[in-house]
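Hi,

Here is the structure I promised to pass on. Have a look at it first, and my notes follow below.

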Amino acid sequence: MRCPFCAHDDSQVKDSRPTEDNTAIRRRRQCSNCGARFTTFERVQLREIMVVKSDDGREPFNRSKIEQSVVLACRKRGIDRERIDQLVSGVQRQVEISGENEIPSLVIGEMVMEGLRQLDSVAYIRFASVYRDFSEARDFEEFAGTVREVGQEAPGD
């Protein structure tokens, strides 16, 4: 594994353990050149899944893109990193077990939206504002109104 600090090609594994949700192996490594320590994660990839973008372009499924978007939506919300990882892992599992070799980015976006809706309403609205391309304050108002409705329906089921 290449060191992220000095780009040396050799590092030693100092510690390995499964992640909390058992979907990955967390490895602590130490560079044999500069001595820096860093963490890597090893995950199972069942097959190459292509994401079909809205412009019909295709690119390989990339878990880290989802993770970055969710982390950004949850910024300053006091949400544990573990819960974010669980949401991202859940989306990844849904994509992998779908059985499809290609999946539209819109489907992945809806999966993320559903996960965020259950996790935190503010993060849900933040993600939706980018995902659904809100262009005016009215777009936020209308969407926030639907979030309130969903929140009001749950207690009275």
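To start you off: where is the place of Arg-37? Arg-37 sits in strand β3, residues 37-43 (strands are DSSP runs of E, at least two residues, and helices are runs of H or I, at least four, both numbered from the N terminus). Before going further, note that this is a predicted model, so local features need pLDDT of at least 70 and side-chain atom pairs count only at pLDDT 80 or more, while totals for chains, interfaces and linings use all residues. Residues are numbered from 1 along each chain as its sequence is written, and side-chain values use heavy atoms, with hydrogens and water left out.

Back to Arg-37: it is partly exposed, at 46% relative accessible area (buried is under 20%, exposed over 50%, partly exposed in between, with a 1.4 Å probe and protein chains only). Leaving aside residues up to four places away in sequence, Arg-37 touches Phe-5, Lys-14, Arg-28, Arg-29 and Gln-30 (contact means heavy atoms within 4.5 Å). With Gln-30 there is also a side-chain to side-chain polar contact of 3.4 Å; that term means a pair of N or O atoms within 3.5 Å, where within protein one must be able to donate a hydrogen and the other to accept it, and residues adjacent in sequence count only if both atoms are side-chain atoms.

Beyond four places in sequence, Leu-116 touches Val-70, Ala-73, Cys-74, Leu-87, Ala-123, Tyr-124 and Phe-127.

How do α1 and α3 pack, by angle and axis distance? The angle is about 35 degrees and the axes are 12 Å apart (axes are lines fitted to C-alpha atoms over the stretch in contact, and angles run from 0 to 180 degrees between N-to-C directions). On the α1 side the contact uses Ile-66, Val-70, Ala-73 and Cys-74, and on the α3 side Ile-108, Val-112, Leu-116 and Leu-119.

Last one: Arg-117 is also in helix α3. Arg-117 counts as partly exposed because its relative accessibility is 32%, and its side chain makes a polar contact of 2.8 Å with that of Glu-114.

Cheers
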